[in-house]
Amino acid sequence: MAAELEAEVPAFDRGLLECSAEEIAAKWLQASELQKEVYQHLAYYVPKIYCRGPNPAPQREDMLAQHVLLGPMEWYLCGEDPAFGFPKLEQANKPSHLCGRVFKVGEPTYSCRDCAVDPTCVLCMECFLGSIHREHRYRMTTSGGGGFCDCGDTEAWKEGPYCQKHELNTSETAEEEDPLVHLPEDMVARAYNIFAITFKYAVDILTWEKENELPGLEMIEKNDTYYCMLFNDEVHTYEQVIYTLQKAVNCTQKEAIGFATTVDRDGRRSVRYGDFQYCDQAKSVIVRNTSRQTKPLKVQVMHSSIVAHQSFGLKLLTWLGSVIGYSDGLRRILCQVGLQEGPDGENSSLVDKLMLYDSKLWKGARNVYHQLFMSSLLMDLKYKKLFAIRFARNYRQLQRDYMEDDHERAVSVAALSVQLFTVPTLARMLITEENLMTTIIKTFMDHLRHRDIQGRFQFERYTALQAFKFRRVQSLILDLKYVLISKPTEWSEDLRHKFLEGFDAFLELLKCMQGMDPITRQVGQHIEMEPEWEAAFTLQMKLTLVISMMQDWCALDEKVLIEAYKKCLTVLMQCHSGFTDGEQPIVLSMCGHSVETIRYCVSQEKVSIHLPVSRLLAGLHVLLSKTEVAYKFPELLPLSELSPPMLIEHPLRCLVLCAQVHAGMWRRNGFSLVNQIYYYHNVKCRREMFDKDIVMLQTGVSMMDPNHFLMIMLSRFELYQIFSTPDYGKRFSTENTNKDVVQQNNTLIEEMLYLIIMIVGERFSPGIGQVNATDEIKREIIHQLSIRPMAHSELVKALPEDENRETGMESVIEEVACFKKPGLTGRGLYELKPECTKNFNLYFYHFSRAEQSKAEEAQRKLKRQNREDTALPPPALPPFCPLFASLINILQSDVMLCIMGTILQWAVEHNGYAWSESMLQRVLHLIGMALQEEKQHLENLSEENVVTFTFTQKISRPGEAPNNSPSILAMLETLQNAPHLEVHKDMIRWILKTFNTIKKLRESSSTSPVAETEGNVMEESSRDKDKAERKRKAEIARLRREKIMAQMSEMQRHFINENKELFQQTLEELDTSASGVHDNSPVISDAKLTALGPEQTRVAEHRQVVMCILCQEEQEVKVDSRAMVLAAFIQRSTVLSKNRNRIIPDPEKYDPLFMHPDLSCGTHTGSCGHIMHAHCWQRYFDAVQAKEQRRQQRLRVHTSYDVENGEFLCPLCECLSNTVIPLLPPPRVLFNRLDFSGQPNLSQWIKTISLQMKARYLLRDEDHSSNSSEKMDQLQLPEGFRPDYKPKNPYSESIKEMLTTFGTATYKVGLKVHPNEEDPRVPIMCWGSCAYTIQTIERILADEDKPLFGHLPCRQDDCLKSLTRFAAAHWTVSSLSAVQGHFCTLLASLVPNEKNENLPCILDIDMFHLLVSLVLSFPAIHCQDFSGVSLGTGDLHLFHLVTMAHIIQILLTSSTEENGMDQEDTSSEEEVAVLTLYKFLCQCTGSALKEVSSGWHLWRNLKAGIMPFLRCSALFFHYLNGVPAPSELQVNGANQFERLCSYLSLPNNLTCLFQENSEILNTLVESWCSSNEVKRYLEGKRHAISYARESNKLIDLPDDYSCLINQASNFSCPKSGGDKSRAPTLCLVCGTMLCSQSYCCQTELEGEDVGACTAHTYTCGSGVGIFLRVRECQVLFLAGKTKGCFYPPPYLDDYGETDQGLRRGNPLHLCKERFKKIQKLWQQHSITEEIGHAQEANQTLVGIDWQHL
Ligand SMILES: [Zn+2]
Ligand SMILES: [Zn+2]
Ligand SMILES: [Zn+2]
Ligand SMILES: [Zn+2]
Ligand SMILES: [Zn+2]
Ligand SMILES: [Zn+2]
Ligand SMILES: [Zn+2]
């Protein structure tokens, strides 16, 4: 060990290594003054170990510190070698039953929704998997770091507090046992000594503030070196810091990034080392540079000794943390040391000192000591309590410090509150003993000092700093929530007392909010500045849960409730003092009733939305009813002091305000008011705002004469005049009054009626109506689902959550809804059960206006579908609780009847705009409600009860003099036949029917039942009439629909564009069937179909007429006409790659002639299949380009496509494209001189070709050197070969141009070079793209198990056809000699000649690429051959030759293991032949090949290996020559191999090829095998691809998403030494985990900084990448540097929903189908297209800096 170290450690360290820990410890054991001794040791050694240079050397420092500093301490502590001492301790330890694992950032945590006491109780993954909660409803989140596992904490879990592992420890340990008894006494003493000294040392040095002195230590070294230390703040950005550092300390950008990263992570970093001046200089530059905008960065010049001791101080704290891990006894000693009061009394313990210094410490130091606290104080139940007391006593100070500090809460000691306050016993103890509730609330109030003259909070003119502090102070509300989260099961007198004291403080807080942010209606001018309103609402929102929890607490104890109610009432009266001052009361009278009220107009005076005191009282009032305290102890309640008019006044004003805003009376007050009204009703606030205002009105009505209430209400709505003055309405409508005012009043009347409906109808809160909590939640769900079916998360969002983040939905959802599973897209949905629709209330008070009208429409539609009438009558309601029972009389009060009568009268008179249908609808609803009520009363009638609810009688009575108006019933009967009220007919009919039912009920209860009344018969006949009427209307509607449909089809294209996803599938299906009809219908009987060669089936090519999508003109595809083109997209691809590490070194010099069989980088061409004229496309592209240039100048924003790179969107489908492919007729026909007589066989043909090639070489050489004329003489030109012949190009100019355009584009993209149409590599790239694209399609078809032909979508079929024909025609626009040259080189790889050496051996050539290139370059030679050999013969020979080479390739690389698989006894002809061939190969390779005796295995392998090649070839020749595919190849079935061979003009027994041509083949095979590379391979010295190549898939993903989270949390950034990555991102192609979106892992790519993902795409996916952002649970698609989009992840929760951002935390599982869909996108090369569509649909995606991900 020592020897190893010596080599690494520099000389001056050697002295340090000679220190003996044992000896030092021995000395310490003898010492009389241990502290002095230890301090001397530290003073001498610490500066020798730490801070020896500009950069920290953590490994060296740690090693030396362990040896010289910590070693002696461990020896001292153990009294022996710690290597023995610690394990002994560990063994003797009775381990804790607490897990206490401290979470890393990003680690998965689990909370059980069934058993956790509150949502902050979490388990680590290990504990969770071993717990019972695995089977419960759980929630999964990722930790933000800090916090620890609560396994074993009995207070955290209602059930199953231990996992299997921690359960083991519980049986042995008695709860209260003192862990010290397990330790020897002398060890206790020693531990006490050393802990006291080291802990104190660490605390002193960390909290040290002097510059040239040390606490109790001598400065030994006086060499005066300093550090310029830069500290973290949350004000400056990364960029600012990096920029400043480069200037100040003259470092590179890389170094600056390093510094900034460390500062951000650790909180400080030295940026310069040297003498004082040198460091000070840097400091002033930094300060100067950063002070301009904001406060300057914190920089300090520090003496290196101080920094050294501080570094060691932190090390010591970490060491203490690990030492106490060995024994609970040691832990207890450390706790004792830490909490022991120092000499300065209160707050002088080491723990206090650290806490109180927290905000001055840097981040790294804070983290270290917080961790120590967590592993010591919080893990020892006795000391946790003592610590909690210290924490509570320091609470005010800690919060003050936190407020001044600018660091996040997670790194503040204040954040420990969650660990203490959420423990129920601790919370209760802190409330009773430390008065914590009051402390928190008062501290909170201390920080909100801004008040108006009435003492209310004022947030107007808030400065940025105040706003910042306001955000921080909100964490106090969270603390209050923690304290209240677990409710007491029993109350002590103390607890009551302290809770009520806290309640007092809380009321003080609410009092400051009552009436805050008052507003006055703006008339005339619009407001100049939107007033600040968000702060007040934030406060309200944050307090909502606390207010609810306060009520929950009150509900638990009758005494507390009574006291709280009294206190609340007193405060409310204080708030309202002066409420009737000044003004004379006014008297209102109607229908013989009169009431006094104040003069007040919402539209003219101040009004506020914030009334928390009133609302709290309303809540408590309901509790009086719910707990029955109101009936049990009425004498204790101040009910007589209640003044109903006072109670309702403010809530009513607030509701009137909403109505007036809705009526448009407050338009000039701007958006802030609209927003406030929105939040007032919003699910986040309404529980303690809107809902409680309704309750308060219900309370009011139940306590006063409803006539009085209604009159006051009319007055507040400013409608009193209208209803109290007879004929007011009439006059109003006839006179030519201001339309706006009429409209306004109409809306106000509607709103007021709606409010009455709510007051009467909303009784689903326990305490108001006779219901329980589940009835309430059921009703909410029913109404949400009445709008439309909803996903789980949508429902959750629409329902209020309690303090445990629960809505209570799961318990009832099954009763009211059915779940429908999701398909491949979309989400699972809940649908309302049909029987629940009867509970639907159109005027449900939580509907927004939009929701209400949607629900109405949906429900009416449903009824029509069920062939029911469309009335939506009010549902039957539960009865009120006794305390509220009397409010029902409002429905039959005189004023109410008067209002109803008036409005019906208006409807009957039906003139002008003085009434509205909505008004009538609401009145009908109210009448309906009254009837329902009366019916229920009658049905539940018991003997002795008298029915006091006599609505039916009252509405049958006509009006009294002087108006003599008809009765309400009479008016309804009139309206029933009014033609203008068609929509309401069903409802009126329902009312009349119900009226009759009630009449019958009444009669039956008094007299005997009566038979059918005449009314019913009447009804029936009128129903028939109705039916006919409806039928007529339906017919009209149908005609109108048809007309609209006609117009629609015009707009359809647009619509399809907008709903692409929906249509894509259906379109593809249509396309497939279409293409099946056109291309593949065989003309000639199948058996004879041959795709190539002299025997090729001749097919008359159909005239192909196509239409240009741009000009809509049709044109035939012909050689000499204007070019037609397909929009196409070319991209590089690694989808088929078998080697992702291969990188093309220098694209300018790269020779792509031969494709390696690893297919590491290909060029893929795709198309959307849309056809244009070439010139139309050019015009279009020019226009796009010009537009884009203008746009860029103006807006400087990117688009989803890069015009400069030739990109554009297909004008029809907006598919991303970057070039066009010309459409061509089959090109072979043009060059085929048909002559079938005496075609040469393969050997002869090769000979001829070789001669032709030789001649060509000689001629070429001659061009360059003149002295070779004699060689010409040697050469006999082969017969008919005319090397001087220049073929005529048959294509039109326009087609030629497009051939060049597409060729150049392929070259540019494929090689990533600048376009150069002259480059000889252009044709190679074209052939390559054709081959590669066919290969990808073949793979997709094979993977999906689809037949080769007839199943490609039309767009792919068209694309392959055009691509193949283009590639075949491209030589006509290239240099003839270049193409000839390529052909010669290609052929030479199989038929060697002396001119071409160093060609790749056959193991290193992809044979299909070779085939395509050979066949497509061959015409360049053949066109000069006039000997009568047909082009087809050449094609066939080339194909046979390559096929044979491929067979040899397969046999050489096949790794047949002769397993004992069944084989047939008789060897077939094929098997014998292949065995013979194999033996010949053995011979050629010098017996290096493995012995194989089974022809059966060989033949099987050969067939399987060659299949993909044959399939690709069949596709290739099919598209090249246009021969239809035999029908057997259009279905899956047996004999596919034989069918392929026949189509391709191959013998079924492939090895026959060798026998037929043995003359030349033996030589060739020998030459192939003689290559050095083949030898090296057979000797096992190199690798080669074997066949068939397996298809690439995306990586396997685990079923449970938390596995991925865990994997990611264990992943650390590869560049910053073990640090956790912030955005771990998984490459789904190769499985690499990357550190994304972070400075640490940025690299330079083509001169630009890019993030880890973008960099990875360039190696792994040649620019295209598919990633999973693990912490976001989101798929990321990237293409190039500027394009990207997010895509839904393949993980779903049980409700069939994804959880992007992991916000909901439901367990997620892999959805295989969705993952397959992503894989398919990848295999089809559609990622870029997908990104394009996403970016077009969502412009914000364009703005994201994708390259930095
Ligand atoms: Zn755990
Ligand atoms: Zn556990
Ligand atoms: Zn559980
Ligand atoms: Zn056109
Ligand atoms: Zn298109
Ligand atoms: Zn990868
Ligand atoms: Zn990194």
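## The chain as a whole

The protein chain holds 65 helices and 25 strands; both are DSSP runs numbered from the N terminus, with helices (H or I) of at least four residues and strands (E) of at least two. This is a predicted model, in which local features need pLDDT of at least 70 and side-chain atom pairs count only at pLDDT 80 or more, while totals for chains, interfaces and linings use all residues. Residues are numbered from 1 along each chain as its sequence is written, chains are lettered from A and ligands numbered from 1 in the order in which they are written, and side-chain values use heavy atoms, leaving out hydrogens and water.

Of the 1749 residues in the chain, 56% count as buried (buried means under 20% relative accessible area, exposed over 50%, and partly exposed in between, with a 1.4 Å probe and protein chains only). The accessible surface comes to about 76300 Å², and carbon and sulfur atoms supply 50% of that surface; such areas come from the Shrake-Rupley method with a 1.4 Å probe, and for residues only the protein chains shown count as cover. Among contacts (heavy atoms within 4.5 Å) with a separation of 6 or more, 77% join residues 24 or more positions apart.

## Two packed helices

Let's look at a pair of helices. Helix H50 (residues 1293–1311) packs against helix H51 (residues 1321–1343) at an angle of about 80°, and their axes are 8 Å apart. The axes are lines fitted to C-alpha atoms, for helices over the stretch in contact, and angles run from 0 to 180 degrees between N-to-C directions. H50 and H51 are therefore roughly perpendicular to each other, a label for angles of 65 to 115 degrees.

H50 brings Gly1303, Thr1304, Thr1306, Tyr1307, Gly1310 and Leu1311 to this contact, and H51 brings Arg1321, Val1322, Met1325, Cys1326 and Ser1329.

## A residue inside H51

Glutamine 1335 also belongs to H51. Is glutamine 1335 buried or exposed? Its relative accessible area is 5%, so glutamine 1335 is buried. Leaving aside residues up to four places away in sequence, glutamine 1335 touches Leu1136, Leu1159, Asp1406, Phe1408, His1409, Cys1512 and Arg1589.

Buried residues of H16 include Gly364, Tyr369 and Phe373. What covers the buried residues of H16 includes helix H11 (253–266) and helix H17 (381–393).

H11 is also where you will find lysine 254. Lysine 254 is exposed, with a relative accessible area of 62%.

Definitions and conventions:
Parallel < 35°, antiparallel > 145°, perpendicular 65-115°, else oblique.
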